[in-house]
Each structure stands twice: as structure tokens, then as C-alpha cells.
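My plan was to start with the whole fold and then look up single residues.

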Amino acid sequence: GESFTALDKRGQKLVLFSTDTRTVQTDRMYKPVPFFISSRGYGMFLHTTAPATLDFGKQFGASTQIHCGEDTLDLFLFIGAPREIISSYTGLTGRAPLPPLWSFGLWMSKLSYRSQEEVLSVAGMLRRHQVPCDVIHIDAGWFRNGVNCDFRFAPDRFPDPAGMVRSLMDQGLRASLWQLPYCTLGNPVYDELLKEELFIRDRVGGPPGEELIPDFSKPATREWYGGKIRPLLDIGIAAIKADFGEAAPVDGLYDSGDPGLLEHNRYPLRYESLLYQIMESAGVQPLIWARSGWAGCQRYPVHWGGDSESSDNGMACTLRGGLSLGMSGFSFWSHDIGGFFSAPGEDLMLRWSFFGLLSSHSRIHGTTAREPWLFSPEALDTFRSMAALRYRLIPYIYAQSALSCALGLPLLRPLLLDHPRDPACWLVEDQYLLGADLLVAPLMEGGKRERGLYLPEGEWVDYQTGEIYPGKQWVRIQACPLPGILLVRAGSLIPHIALAQSTAFLDWSTLKMVAFGAGKATGSLLKPGWKDPILFRAANRNGVWEPVEKGLGDFPPVVGSGEPGSTAF
């Protein structure tokens, strides 16, 4: 699952019980998954929703122990390389659908924008400062009373929500909304839940007290929740943040008839699948932003890494959690750029932004305002350059995402996934591959502009400088000019697109296929409207690259870059 401790679990004992950890510097998890992979060529999936403890040689070094809170053991064994194991596992438990193109743009947020005027002001500042962006997320500030979620906009602060959404759409922006399933006393929704008996009952069958949790195992509750969400979709809300979901009581009584011991870890699966179904039934391409999880939740992207500290260690733990979750079958994952708690310094914000803008999905969020124009002019320029890099790489990210969905693999992946025969790759947890061809090494320490990193076999080209490094070695590389290191696998053909301020404005009619390294180059491309990604090779005929396979439809010209390694527009 999304485990924040060292990727190598030998010597660790993990409790698989979905928890609001309130930190990433912990061995507790928002998204535990009863699945693991061994470097000896096998993987195991414990098919249960009961709490479980996996002891990988902590109590006794010669044994791996599984303690499960269910009477029967349903265990699946997978054999092969890590890619084969994960693909087989997701073939069993489900794979993520390809999220909408706009979701791969930048998301701008904080805790929280609190008025229609503020939201539209942020939209205007994004365009004024030419920071490309696709989504403005409104967190827990759109209700009348703080986080007391009643699914209604506060009329004094949001007088025309539908008009606000239309105004954002005109600027190439979509709106996302926060909500949670818990309901406290004093919320108008509390009385509805109580009257209709739609809540998880306490151990004697009554209401549990000052907080009610909807019982999503009950059909009437699911229908009621749909009635709360659909009006928001009707005015054009594009994404729903599925926050929380880790507090279903183990001693509660559920309409399903199953004990709370089985329903606790199942709650995130019920919660997120319900939101997905509500969006599908409303004719909206589903997209949620979820914190909790269990095996199977990968079918409902996107998930993010929870409440991280704004610190170097918070960033390191966040990255480990994302890599671990990816190895547990989740193709898409994001995190709060800058960390959630407290205000990040400028150096940390920029280093984390490099990491965040080269992740599956990219969202700025935290307890304090951290829009890039609130930092120094130099920091704004640097952030704008990193955001521009992401948007130019959208064709690559989109194609690699589709390939990841097809195989059930993560987009953001540890080196070991593609290089399992290299023992060094099993030890690396502070750098990663973004798709098949990009290697990302964030700067993990404050005040540093270089770092050591490991290069797998082959040759690797520095995206920023063009310098070529042979693989299977440890190197130190200077990050210049952006605060992080981005390498490209030699022999890769990376599609680029001209910069636009939103994915809605991208011009897909002319792309640039940039070849890295000498010799033949190949790469994948997926345009909106195409059914599947197409593999291309570097075949320079009058500056036009050819698709490898013929007879796959009509292809508009794809303009070549000329010199291999060129990244200039």
C-alpha cells in the first residue's frame, strides 16, 4: 500500500488498517493494500478486507508472518518479474481507466478558497502571470459553516456557483470541490441521515452520537448520497475530492450484515466506487481525488498522498509512499506540492514543485497560500518554467498513462520495476521513472543544487544540458537551470507540444518528436480521439516521423525536431 517507510520491508512489521495518519512520517497508512512483491520473483495478495499484520522478519528474522483477522485464508501467488506480477495482480483486482486529459494539467488549491470572488481572482492571476493551469480546487471553504459539509454553496460568498464555473471554463479552467462523508451535529444533513437511518449504527443498533457516518453498504444511503452530489455535477463541477474515509467503526453495525472488522477497510472502496458511479450516471467522465484506499481502489483514480509535513523529510516520505502505492497496483497518484502542514520556504517549494510537476498528477495545496506569484519574482519565473515543461510533455505523459492503464502498471515507478535484474535498482527510493523513458531525481536536501543518483543500464541524456551518461553506475549531477534532475533514456523519441495556458488550448495538429541519443529512436503517442497509443520510430523523411505500424488510421503530419537531443521550441 501507500507505505511511507523504506521500500524494502525486510525487518518491518506493517499493520494493514486504513488510518487517518495526520502525517507521512509514520508506519501507519491511509491506503494499505494486502499485496507485496519479493525480489525472488513472486508476489502475494491476501484477498480480504479484514485488518492484517505482515511481519517481514521483524519478530524472527528467518520468517515472514501473516496475521489476518478473518477465519479463512484466501491467498493468491504470482510468479515472474515485477511488471508481470503487478500486471497479473491488477488483472485480478482491476485497473485504472485513463483519466481525462485536463486532469494532467496543473491543479491550484489551498485550504481553502472561501468565496467566488477569491476563486475568480486566482483564475485571473494565473492567466496574468502566465502560469499554465487546468483546475482550481475549492477545499473546505464553500459551505456555510467551515468543514461542516452540507453539499451547498454558502450563498453570501458564492452567489452564483454556476456562473463561476462557466467563467472558469471560458478561461480553460475546471472546478473541483472538496467534501467528506462524515456528518457532525449541527449540520442540516445530520437530521436527514438520522431520520432515514442511513448511518452506521453503534454496537447496540442506535445512532453513535455527535458524528454520523453514512452506511454505503445500504442502497438507500447510496441513492441519498447521489442526490447530494448530482446537483454539483449539473452546474459543471468536474472533480470531487473524496477526502477521509478511514474512520468506519470496527464495532459498528452495517446494512450488509458483515462485521465492522470486514467493513472498515472496505469503506474506502465503497465510498470511491460510489462517487465514480454517481459521476458516470450523470454523464460526466469520472475523476475523483481520494485519500483513503484498499485493494481495488486503483479502479477509481486519482489518489493523493495525504497530509505531509512541509519539510525535506516530509517530501522524502511522500515519495516513498507514492512508489510503494504504485507497486501495489495504483497507476495514478499525486501529493500536495510544498507539503500540507505549515508554509514551505521558497527553496523547498521549488524543489517539491519539480517533483510534483513531474508526477502523475500535479496539485499545489496546503494549509497556507502558496500560489507561485506569492514568492519572489525569481521563484515565479522558475516555477513558470517547470509548469511549462510539464505542459510541453503532456503528449508523453498522456501516452504513457494510457500504456500504464492497459498493463495495470504505475506511471510513477521505482527503478526496480523496469530493471529487476540490477540489484542496485532495488535499493533506490529517492528517484523514479515517469513512464518508460524519463528518470526524475528531485533535490531532496535544502540548499543543494547537485545530488548523487543511480543510472540503470543503457545511456541517459540530461534533458536540461544534453550531456550523456553511461548507465549501471552512481553519478553526481548538477541541477541546472531547474531545481531537479531529469534524464531521458537514450533511444527515446519524446513527443512535445507547444506551450498553452490550459490543455483546452493545446494545438495537437503539430507536434515535435524529440530524439535523444544517437541511432534509432522510438516513442509512443496518443492524441485526443485516438483509441490507443501509437508507437513511432525516428524515420526522417522530409522532417516527418512515421508510425511503426501501418493501417492504423489517418495520421496528421508529426513534425520532427531535426537534431537529436534538441529540446528547444
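**Overall picture**

I note at the outset that this is a predicted model. I looked up the secondary structure and got 11 helices and 31 strands in the protein chain. The C-alpha trace spans about 75 × 65 × 50 Å along its principal axes. I then checked the radius of gyration: a compact globule of 569 residues would come near 25 Å, and the protein chain has 23 Å, so the value agrees.

How much of the chain is buried? I get 60% of the 569 residues. For contacts between residues at least 6 apart in sequence, 70% join residues at least 24 apart. The accessible surface is about 21,300 Å², with 52% of that belonging to carbon and sulfur atoms.

Charges next. I have 53 positive and 61 negative side chains in the protein chain. The centres of the two sets lie 3 Å apart.

**Cores**

I went looking for nonpolar cores. The general expectation is that nonpolar side chains in soluble globular proteins tend to be buried together. The largest core here has 150 residues. Leu-106, Leu-126, Ile-136, Tyr-225 and Tyr-432 have the most contacts inside that core. Helix 6, residues 260-281, gives the most to this core, with eight residues. Apart from it lies another core of 23 residues, including Cys-425, Leu-439, Tyr-454 and Ile-477.

**His-419**

I found His-419 in the loop between helix 11 (415-418) and strand 19 (432-434). Is His-419 buried or exposed? With a relative accessible area of 8%, His-419 is buried, since buried means under 20%. Not counting residues up to four places away in sequence, His-419 touches Cys-425, Leu-433, Pro-456, Glu-457 and Arg-489.

**Phe-383**

Phe-383 is in helix 9, residues 377-392. The relative accessibility of Phe-383 is 2%, so Phe-383 counts as buried. Which residues does Phe-383 touch, not counting those up to four places away in sequence? I got Leu-106, Val-131, Leu-350, Ser-353, Leu-357, Ile-364 and Pro-372. Leu-106 had already come up among the residues with the most contacts inside the largest core. I also checked Phe-383 against Pro-483: they are 100 residues apart in sequence and 9.6 Å apart in space, C-alpha to C-alpha.

**Helix 3**

In helix 3 (residues 161-170) I marked Pro-161, Gly-163, Met-164, Val-165 and Leu-168 as buried. What do the buried residues of helix 3 pack against? I found helix 2 (116-128), strand 8 (135-138) and strand 9 (174-179). Just after helix 3, Gly-172 takes a positive phi of about 75°.

At 3% relative accessibility, Val-165 counts as buried. Val-165 touches Ala-175, Ile-235, Gly-236 and Ile-237, leaving aside residues up to four places away in sequence. Val-165 and Gly-69 are 96 residues apart in sequence, and I get 47 Å between them in space, C-alpha to C-alpha.

I checked the peptide bonds for cis cases. One joins Leu-111 and Ser-112, with omega about 0°. Ser-112 sits in the loop between strand 7 (106-108) and helix 2. Another cis peptide bond joins Pro-301 and Val-302, with omega about 15°. Val-302 is in the loop between strand 13 (288-290) and strand 14 (303-304).

Phe-151 has a phi of about 65° and is in the loop between strand 8 and helix 3. Phe-151 counts as buried, at 8% relative accessibility. Ser-342 has a phi near 70°, and I found Ser-342 in the loop between strand 16 (336-337) and helix 8 (346-357). At 40% relative accessibility, Ser-342 counts as partly exposed.

Definitions and conventions
Residues numbered from 1 in each chain as written. Predicted model: local features only at pLDDT ≥ 70, side-chain atom pairs only at ≥ 80, totals over all residues. Heavy atoms only, no water. Helix = DSSP H or I, 4+ residues; strand = E, 2+ residues; numbered from the N terminus. Rg over C-alpha atoms; globule rule 2.2 N^0.38 Å. Buried < 20%, exposed > 50% of the residue type's maximum accessible area, 1.4 Å probe, protein only. Contact = heavy atoms within 4.5 Å. Areas by Shrake-Rupley, 256 points an atom, 1.4 Å probe, with all protein chains shown as cover. Lys, Arg positive; Asp, Glu negative; His and termini not counted. Charge placed at Lys NZ, Arg CZ, Asp CG, Glu CD. Core = buried A, V, L, I, M, F, W, Y, C linked by side-chain atoms within 4.5 Å.
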